[in-house]
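Here's a quick tour for anyone meeting this fold for the first time. Have a look at the picture, then read on.

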Amino acid sequence: MGALPVLSTPLLLRTTLVELGVLSAHLLLYPTGIAQERPPTASPAAGPPTRLPTEGRAHPPVLLLHGFVDNRSVFVLLRRSLYRHGWRHVEALNYSPLTCDLRRAAELLGHHVEEVCARTGHRRVDLVGHSLGGLIARYYVQRRGGDERVRTLVTLGTPHAGTRVAPLMSAHPIVRQMRPDSTVIAELALPAPRCRTRFVAFWSEEDQVMVPATTARIDHPDLHVENVRVSGVGHLALPVNAAVAARIREVLAATEAARSARGAISVA
């Protein structure tokens with residue numbers, strides 16, 4: 001892989017201003033996402049909920065997983081985009097900001113996936129993870145057998161090879177697990193034969209949280225991977241960017257169309 005081009009000053013300035021705008025808007029929305037989302041329930045008059053035979057129908061459940069010290073409110077626009085284009089079952093999972101172990105968070109994600117599958121009647125789900133959320137989801141899929149339940153994992157600005165940004169934050173254990181020399185990153189580099197999940201990793205040269213930017217790519221010989229490079233989008237803007245949302249919809253729809261032809265997925 002060749003060296004990344006040097007970012008132009010106007011592009012860097014524009015991206016930074018957009019990031020600040022996204023941050024300001026997200027701070028306003030943040031309180032709306034603090035509480036854990038409640039799964040839909042039937043009304044008392046309708047009796048107990050019935051699990052419908054939904055397996056095989058288009059658009060299985062999509063679960064959204066936020067990044068470090070964030071919450072589900074970061075996905076408000078992506079969620080709306082999915083709803084508008086036919087996805088009817090979209091949920092966001094909060095994990096505690098006090099979470100200190102990525103492996104434990106992956107275990108809890110697995111319990112949540114099982115609950116969603118049991119509740120909806122779907123055998124498999126799709127996951128979308130931003131930043132740390134993508135790393136938690138990948139650990140679940142690759143190291144805890146989650147490939148049995150996850151068709152597609154989409155990651156947005158996730159430090160798949162570890163990031164060297166903000167070394168002062170390494171006092172937090174889960175931040176240390178996102179470092180290039182962490183045992184978690186080493187585990188994800190181990191062989192993963194017969195992994196059934198399709199991985200799609202969005203990365204951007206303007207993502208200043210991923211150092212280097214290419215750490216948000218997945219480079220693993222055993223995984224079915226598509227690395228999607230986006231331009232002019234910073235780290236915070238990835239979950240709210242309209243073009244990224246459109247590409248995510250394409251990715252999930254393409255997986256649905258190709259579910260009977262797993263071997264046809266190309267590696268970027």
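In β4, threonine 152 is the bridge partner of aspartate 126. Strands here are DSSP runs of E with at least two residues, helices are runs of H or I with at least four, and both are numbered from the N terminus. The chain gets from β3 to β4 by way of helix α4 (residues 132–143), and this β-α-β crossover is right-handed. Right-handed means that, with the strands pointing away from the viewer, the path from the first strand over the helix to the second runs clockwise.

A word on the source: this is a predicted model, where local features need pLDDT of at least 70 and side-chain atom pairs count only at pLDDT 80 or more, while totals for chains, interfaces and linings use all residues. Residues are numbered from 1 along each chain as its sequence is written, and side-chain values use heavy atoms, with hydrogens and water left out.

**The sheet**

- Six strands make an open sheet, in the order β2-β1-β3-β4-β5-β6, with parallel pairing; two strands count as paired if DSSP finds at least two bridges between them.
- At the edges sit β2 (90–93) and β6, each of which pairs on one side only.
- From one strand to the next, the twist averages 20 degrees (axes are lines fitted to C-alpha atoms, for helices over the stretch in contact, and angles run from 0 to 180 degrees between N-to-C directions).
- Strand β1 (residues 62–65) runs parallel to β3 and is joined to it by four bridges, with leucine 63 standing opposite leucine 127 of β3.
- Six bridges link β3 with strand β4 (residues 150–156), again in the parallel sense.
- Five bridges pair β4 with strand β5 (residues 198–204), also in parallel, and leucine 153 stands opposite phenylalanine 199 in β5.

**What's covered in the strands**

- Six of the six residues of strand β3 (residues 125–130) are buried, where buried means under 20% relative accessible area, exposed means over 50%, and partly exposed is in between (1.4 Å probe, protein chains only).
- Both faces of β3 are covered, with Val125, Leu127 and Gly129 buried on one side and Asp126, Val128 and His130 buried on the other.
- Asparagine 227 belongs to strand β6 (residues 224–230) and is buried, at a relative accessible area of 11%.
- The side chain of asparagine 227 reaches the backbone nitrogen of isoleucine 218 at 2.9 Å.

**The helices**

- Leu11, Thr15, Glu19, Val22 and His26 are the buried residues of α1.
- Seen down the axis of α1, those buried residues fall within an arc of 70 degrees, so they line one face of the helix (the arc is that of the directions from the helix axis to the C-beta atoms).
- On the other side of α1, Thr9, Pro10, Leu13, Leu17, Leu27 and Leu28 are exposed.
- In helix α2 (residues 76–84), the buried residues are Leu78, Arg79, Ser81 and Leu82.
- Those four cover an arc of only 160 degrees around the axis, so they sit on the same side of α2.

**A loop residue**

- Glutamine 36 is in the loop between α1 and β1 and is partly exposed, with a relative accessible area of 42%.
- Glutamine 36 and alanine 92 are 56 residues apart in sequence but 8.5 Å apart in space, C-alpha to C-alpha.

Terms used. A polar contact is a pair of N or O atoms within 3.5 Å; within protein, one must be able to donate a hydrogen and the other to accept it, and residues adjacent in sequence count only if both atoms are side-chain atoms.
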